[in-house]
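Biologist: I'm new to reading protein models. Could you walk me through this one, feature by feature?

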Amino acid sequence: DGLWAVLLWLNILAVKRQSVARIMEAHWAAYGRDYYTRHDYEAVDAEAAKGLMSHLQASAAALLGKPFAGLTVSRADDFHYDDPVDGSRSEHQGFRVFFEDGARAVFRLSGTGTVGATIRIYLERYEADPARHDLPAQEALAGVIAAAREISEIEARTGRTEPDVIT
């Protein structure tokens, strides 16, 4: 997939004869910008990580309509994946929190590390205002990050004050 993405971008650059930055700025001006980041908390005690996910699942209904860091929860759920090819269903793929302004946070538990568990938090927000299209992602998503940390109680439940990896 990565190779095809590179070839697509090379084709776009050849046709447009503009820099990637200029192409992105024009796209954002026309359609707005989607900010995204992922925060990984690695080597978390496995029981603490499972407890955090259980806490989120148990609090889904109670979150609705509540404000966190200036954002109001519009929906929260434990999501699953339905395979369109074989019809199988994979349950408990993560926990999603949607906010009234369209932002969202997704919490996933990963056991692929060598020690403990990894909690991955995916954070997204759409920004229509062109004056805010040049913000660093962490700044643009600061409210969503704060809300996700508050909702998950990640510091109290894991002892972690910051993620190990931010992408």
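Predicted model: local features only at pLDDT ≥ 70, side-chain atom pairs only at ≥ 80, totals over all residues.

Biologist: Is Leu7 buried, exposed or partly exposed?

Modeller: Leu7 has 41%, so Leu7 is partly exposed. Leu7 also belongs to a nonpolar surface patch with Leu3, Trp4, Val6 and Leu10. Together they have about 570 Å² of accessible area.

Biologist: And where do nonpolar side chains usually go?

Modeller: In soluble globular proteins, they tend to be buried together. Here, the largest nonpolar core has 33 residues. Val73, Phe95, Phe99, Phe107, Ile119, Ile121 and Ile151 have the most contacts inside it. Several elements supply at least two residues each to this core, including β1, α3, β3 and α6.

Biologist: What does Phe95 touch?

Modeller: Setting aside residues up to four places away in sequence, its contacts include Met53, Leu63, Phe79 and Phe107.

Biologist: Which residues of helix α6 are buried?

Modeller: In α6, residues 142-152, they are Val144, Ile145, Ala147, Ala148, Ile151 and Ser152. They cover an arc of only 165 degrees around the axis, so they lie on the same side of α6. After α6 comes Glu153, with a positive phi near 55 degrees.

Technical notes: Residues numbered from 1 in each chain as written. Heavy atoms only, no water. Patch = residues over 30% accessible without salt bridge, like charges linked within 9 Å, V, L, I, M, F, W, Y side chains within 5 Å. Areas by Shrake-Rupley, 256 points an atom, 1.4 Å probe, with all protein chains shown as cover. Salt bridge = Lys/Arg side-chain N within 4 Å of Asp/Glu carboxyl O. Buried < 20%, exposed > 50% of the residue type's maximum accessible area, 1.4 Å probe, protein only. Helix = DSSP H or I, 4+ residues; strand = E, 2+ residues; numbered from the N terminus. Arc of directions from axis to C-beta. Core = buried A, V, L, I, M, F, W, Y, C linked by side-chain atoms within 4.5 Å. Contact = heavy atoms within 4.5 Å.
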